[in-house]
Amino acid sequence: MRIAGDAATTERLVELAKRRGFYFPANEVYGGVAGFYTYGPEGAGLKRNIESAWRDRFVTREGHMEIESPTVTPEAVFEASGHLDTFDDMIIECPDCGASHRADHLVEDATGIEDAESVGTERVAELIADHDLACPECGAGLAGEAVSAFNLMFETAIGPGSSQPAYLRPETAQGMFVEFPQLSEYARNQLPFGVAQIGRGYRNEISPRRSLIRVRELTMAELEHFVDPETDDPPIERVADVELRLYPAAEQGSEDGEYVQATVGEAIERGIVESEWIAYYLGLARRWYERIGVNTDRFRYRQHLPGELSHYAADCWDAEAELGGNWVEVTGFAYRSDYDLAHHAAASGADFSVFEPYDEPQTVERPSVDPDMSALGPEFGARAGAVVEALEDLAARDPAAFEGETVTVEIEGESASEGGDGSASEAHEVPTEAANFAVREVTKTGERVTPHVVEPAFGVGRLVYTVLEHTLRTDEVDGEARTYLALEPELAPTFVGVFPLMDRDGLGERARELAAELREAGFSVTYDDSGNIGRRYRRQDEVGTPFCATVDYETVEGAAAGGTVTLRERDSTVQVRLPIGELTDRLAALRSGAIDFDGLVAEYGRVETEPESESESNPESDPTPGA
RNA sequence: GCGCCGGUGGUCUAGUGGUAGGACAUGAGCUUCCCAAGCUCAUAGCCCGGGUUCAAUUCCCGGCCGGCGCACCA
């Protein structure tokens, strides 16, 4: 979907990001490679703070566990996960118009063959030639054109020579699935439990675009919540009243599709969001986005269309942010069911299930046999095992068969495996006594469950970008244009700037001391004595530093009485003057959210300087569907 | 990967077949008692490779990078 674009903002942001050290293309002195970025000092700080805020919300406060698994992953993992198949697109290129097409799809459409991908690129190329297929774009013949496999995973090899093939992981999730047996043991085999990971993933994108939005190496913050689909419910009451702006699949399909505004509770009740678990995380995340400064007017939850779903997903909602006029996915909330664990169980042979005891042991009467092998063994020899299986099967199916002196079972004959006449079963008579048939009481204390997986997967780089774009503001201060980032104090790479009003008469020394004290107290501090005071405020504004403390003559002249400093707030440019000895505590309170700057103004009064001009933020775009 | 457009100090840009000028930013200093002021000085640039040419940042070809469109986006 397109909405009225704001490419100017994007340009301004990219320029600022590079100039101020947020992020920039990596390896530029060697020409660079598309899709790789280096986070500069400010960007690395911002990214780290976003990761910390995520960890705080989705790991610590939820009581989940965090792990770190390798990025280099052996091929077998992706065979089992389905990534090898679904990542491997067959591409054929039109020699005339240059359009790329899915070669397997062309063959499937023309021949009715299903799953053409499975026959290999060479055979698909042959089929295209045999059927004389043409380019759907321009009609040029495609016969003789090469069919290439394009895999979006980065390939590598472990060890020397033609050793073990491996891939850089395209998502951190597989690391958590593969280690499930260990993690389940750690969780004392108690469902539900959540495993999180913040780490790098790699996707060999065909065409990296738009700055940090589509890159080839990305940081993901993923949570895999393992639940028993029958018995585990989320603590929905915690988020039931969170308002969501939803864009369900049904609305996307219709011409005049509209957003649905609903609380989490209503969304479940009205069946808009099917999974309560997904709904729970939509609510949790909605609050978190607000906490980190995402503009909620430029934010929505969009349900995946059926054809859009990943191979593993049963249902999926994306959190989307409006960026530069486009809706961009910043988080996927996928209900992965037991897809991953079941596939890894089947492929590896390991146990990916959890034993779930019943509240009460269940006792059932079950007809069963307990065959006397000392009798059956000598009689049936190698086939005794098959006979026993047939007896067990028959007991469950037809207990009445055991009423006579003998019981007749049919087992597959030897000729069956040779594909002979197809009806090669052998009938055998077994003395009922040897079958030892009885209706027995069987007590079951629980059952093994393969957990389902609820996965909120966040793109950290996209969040960095979203926070930057959504907090980028311009206004006027005393008639001068100003650019600033209205970053939440929690996220700001630098928490406080410390300046001497002028670098003389001991102001510089005192300011350096103050900066050192604040650093000692654990704050991220920038010291700056270059240029006039206004210039220094502007520098900090541009990187989103929320507070600046300035040492002036009242600081040093009033030293006997403790001295005072001014503290200036970024968005309003309002200053207060407070005793220097109280600064550390006050900043800590501001950081923790215990007080806000208005509280400080109420307490200490506002410092009047030159006439202030009204601050006015950028007009925000107002995205609506169908625009 | 295809098509169109582009690539000049850190950033934004002017300009040229004889290797470049500005603005902002940055550094040093002067000035200045709180919001990008002024003055002086300084640092710093033609994306890479090939071709044409006496000479290429400029023209041609290829590559790389960026923006947009197509395709792709598990």
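Analyst: Start with Leu282. Leaving out residues up to four places away in sequence, Leu282 touches Leu244, Val264, Val273, Tyr301, Trp317 and Phe333. Contact means that two C-beta atoms, placed from the backbone, lie within 7 Å.

The model is predicted: local features need pLDDT of at least 70 and side-chain atom pairs count only at pLDDT 80 or more, while totals for chains, interfaces and linings use all residues. Residues are numbered from 1 along each chain as its sequence is written, and chains are lettered from A and ligands numbered from 1 in the order in which they are written.

Leu282 and Ile278 have the most contacts inside the largest nonpolar core, a set of 112 residues. Such a core consists of buried Ala, Val, Leu, Ile, Met, Phe, Trp, Tyr and Cys residues joined through C-beta atoms within 7 Å. A residue is buried when 20 or more other C-beta atoms lie within 10 Å of its own, exposed at 12 or fewer, and partly exposed in between, with C-beta atoms placed from the backbone. Helix H11 (residues 276–291) gives the most to this core, supplying 10 residues.

Now the chain around it. Chain A has 627 residues, of which 36% count as buried. Its secondary structure comprises 21 helices and 28 strands. These are DSSP runs numbered from the N terminus: H or I with at least four residues for helices, E with at least two for strands.

Angles under 35 degrees are roughly parallel, over 145 roughly antiparallel, 65 to 115 roughly perpendicular, and the rest oblique.

Helix H5 (residues 103–111) packs on helix H6 (residues 121–130) at about 45 degrees, with axes 10 Å apart. H5 is therefore oblique to H6. The crossing of H5 past H6 is left-handed. A crossing takes that name if the near helix is turned anticlockwise from the far one by less than a right angle, and is right-handed if clockwise. H5 contributes Ala103, Asp104, Leu106, Val107 and Thr111; H6 contributes Val124, Leu127 and Ile128. By class, the contact holds six nonpolar residues, one polar and one charged. Here Ala, Val, Leu, Ile, Met, Phe, Trp, Tyr, Cys and Pro are nonpolar, Asp, Glu, Lys and Arg are charged, and the others, Gly among them, are polar.

Helix H2 (residues 41–60) meets helix H16 (residues 460–471) at about 110 degrees, again with axes 10 Å apart. H2 is thus roughly perpendicular to H16. H2 passes H16 in a right-handed crossing. On the H2 side are Gly43, Leu46, Lys47, Ile50 and Glu51; on the H16 side are Val460, Leu463, Val464 and Val467. This contact has six nonpolar, one polar and two charged residues.

Helix H13 (residues 373–380) and helix H14 (residues 384–397) have axes 8 Å apart, at about 125 degrees. H13 and H14 are therefore oblique to each other. Met373, Leu376, Gly377 and Phe380 of H13 face Ala384, Val387 and Val388 of H14. That contact has six nonpolar residues, one polar and no charged ones.

Turn to strand S10 (residues 193–202), which holds Gly201. Gly201 counts as buried because 23 C-beta neighbours lie inside 10 Å. Neighbours within four places in sequence aside, Gly201 contacts Arg169, Pro170, Glu171, Thr172, Leu218 and Met220. Phe597 is 396 residues from Gly201 in sequence and 40 Å away, C-alpha to C-alpha.

The peptide bond from Leu191 to Pro192 is cis, with omega near -5 degrees. Pro192 sits in the loop between helix H8 (180–186) and S10. Ser211 lies in the loop between S10 and strand S11 (217–227). Ser211 is not a glycine, yet has a positive phi of about 60 degrees. With 22 C-beta neighbours inside 10 Å, Ser211 counts as buried. Ser337, in strand S16 (residues 326–337), also has a positive phi, about 45 degrees, without being a glycine. Ser337 is partly exposed, with 19 other C-beta atoms within 10 Å.

Terms used
Axes are lines fitted to C-alpha atoms, for helices over the stretch in contact, and angles run from 0 to 180 degrees between N-to-C directions.
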